[in-house]
Structure formats: structure tokens, C-alpha cells
Amino acid sequence: MKRMGKETRRMLCWLLAICMAAAIGMVILLSYMTNDFHKTMVEHDYGTAGYLVNHPDSNVAAAFTKDKTDSDLKAGKQVLKEAGYHENTDPRMVPAVAAYQKRIAVMLGGMLFSVFAAVFLTVWIYIRRQRKALAKADTVITRFLEGDTDQRIDSEETGDWYSLFHRINELAAILSAQAEHEKQTRIFLQDMISDVSHQLKTPLAALKMYDEIMAQEGTDSETIHAFSQKSLREIRRVEEVVYTLLKKPGWTQVWSEWKRRRKTLKCSCVT
């Protein structure tokens, strides 16, 4: 349970790919915002410079507050272009644009890092809890397989994994009940065999002795007849023991189960 599963590694790879795509998107967005701010700033400077060129007698404050005309923009563009200042100027060469780009980069980077950190922290907590639950389930299942049939997985919480654990507990309960039934059946058969063997031991020993006596040479017919009657009596005792055995509760069920398993075993061997 120490190594990450294939599904977990795949999920982390997808998250990493999403983060890289988001980082690339952030760079593209930053470039767009910087260029847009640069363009807006250049147009503003065109208007301010053109207003000052077209209205040399006005105060400087009016150049920033008055509305600019197309002639102001055209005049300002020409003046500033001659000075090497235009839309295609490298934004990094303009202090205000460079400062804006740096400020936006820090803001977007901080937001992106915070989101990524929150996502990865959530995923890490989820994976850690999942691995912990699976490790506990693995320990319980191992103990169950080793013979401790009272072991059960904690399935009190809600969720997909705990629903699966609940089903596993139901299966474990069924297997435990079947194992207990098998144990009781085995004990019943052992007691039955012990009881029957004890009851058959005496009549069978008597039958063997009667047979040896009748097989001796020189035994008269009267003696043979007497021991034949005794043999019949012992045979009736054996029949009574067998009849009593068949009448005992549970024997019919055990016998049917034994025949069913024997038939299943034969089918498996044939297959």
C-alpha cells in the first residue's frame, strides 16, 4: 500500500498538465493585458502631446483634462514618433508599462499559485485519507483470511469506498455464517460416526465370533442353528442402529449436502 496506484498517478499527471496549461494561459493573458495597456497609454500620450503642440498658450493641466481631437492625436503622434516613442516601442523600455506588467504578473502569479496550492492540498488530503482507509481495509481482510472471521472493515462513513466496504462486510458475514455451518456439520458428522461405530462394534464382534464357531469342524447342526439365530439377532441390531441413524435430525440434510458436493466434485474432475 506504500506505492501510488495507477489511477492516482494518472490523476496527478492530469492535474500537472492542467497547471502547466493554466500557466501558459496566464503568460498569454499577461502579454495581452500589457500590450493593451501600452497601446492605451501611447494613445493618451499622443493626445496630450498634440494638445500641447496645438495649444501652446494653454496651461499644462488642460492638456490632461481637456478632450482631444483627431488633429491633436495626429500632431502628438508625429511629434512623439520623431522622438522614437510609438506603439511598437518595446514595453520594457517604458517604465510605466514595465511596472504595470510586473504588478499584474505578481497578482496573476499569486492567484494562480494559491489556486494550485489549494487544489493540490485538497487532492493530497483526499489521497492520504483514501490510502489510509485502503490500508486499514487491507489489514482487516488479511486478518480475516488468516482465520479471524470476526474482523470487519469500518463502513460507517458515507462515500463510494465505504459503500464498497459495506458490501465486503456483508460478504464476510455470509462467509462466516457458511464457515460456522460447515463447522457444526463437521462436528455433527464426527459425533454421528463415533456413536454409530460404538453401537456397531458389539454386534459386529459377536457376528465374527459366531461365524468362527460355525466354521469350526465337528460343529453339530443344533449348535450351528443356535448360532445362526444369534447371528440373525445381531443383524437385526445392526439394522436398528442404521435405521436409528437415518431417523436422526439433520442426517437427511447432511446426506443430501454430501451427495451434492460429490456430484459437483465429479463434474469438476470431468471438466
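Helices here are DSSP runs of H or I with at least four residues, numbered from the N terminus. In this predicted model, Asp 148 sits in the loop that lies between helix H4 (95-145) and helix H5 (160-215). Although Asp 148 and Ser 176 are separated by 28 residues in sequence, their C-alpha atoms are 9.6 Å apart in space.

**The crossing of H1 and H3**

Helix H1 (residues 6-54) and helix H3 (residues 70-82) have axes that come within 6 Å and cross at roughly 100 degrees, so the two helices, H1 and H3, are roughly perpendicular to each other. On the H1 side the contact includes Glu 43, Tyr 46, Gly 50 and Asn 54, while on the H3 side it includes Ser 71, Leu 73, Lys 77 and Leu 80. Sorted by class, the residues in the contact of H1 with H3 are eight nonpolar, five polar and four charged.

**Nonpolar cores**

The largest nonpolar core has eight residues in all, namely Cys 19, Met 26, Leu 30, Tyr 100, Ile 104, Leu 108, Leu 112 and Phe 116. H1 and H4 are the elements that give two or more residues to this core, and H4 provides the largest share, with five residues. Apart from this core lies another, of seven residues, among them Val 42, Ala 49, Tyr 85 and Val 94.

Tyr 100, one of the residues of the largest core, is in contact with Met 33, Thr 34 and Phe 37 when its neighbours within four places in sequence are left aside.

Notes. Residues numbered from 1 in each chain as written. Predicted model: local features only at pLDDT ≥ 70, side-chain atom pairs only at ≥ 80, totals over all residues. Heavy atoms only, no water. Axes fitted to C-alpha atoms, helices over the stretch in contact; angles between N-to-C directions. Parallel < 35°, antiparallel > 145°, perpendicular 65-115°, else oblique. Contact = heavy atoms within 4.5 Å. Nonpolar A, V, L, I, M, F, W, Y, C, P; charged D, E, K, R; others polar. Core = buried A, V, L, I, M, F, W, Y, C linked by side-chain atoms within 4.5 Å. Buried < 20%, exposed > 50% of the residue type's maximum accessible area, 1.4 Å probe, protein only.
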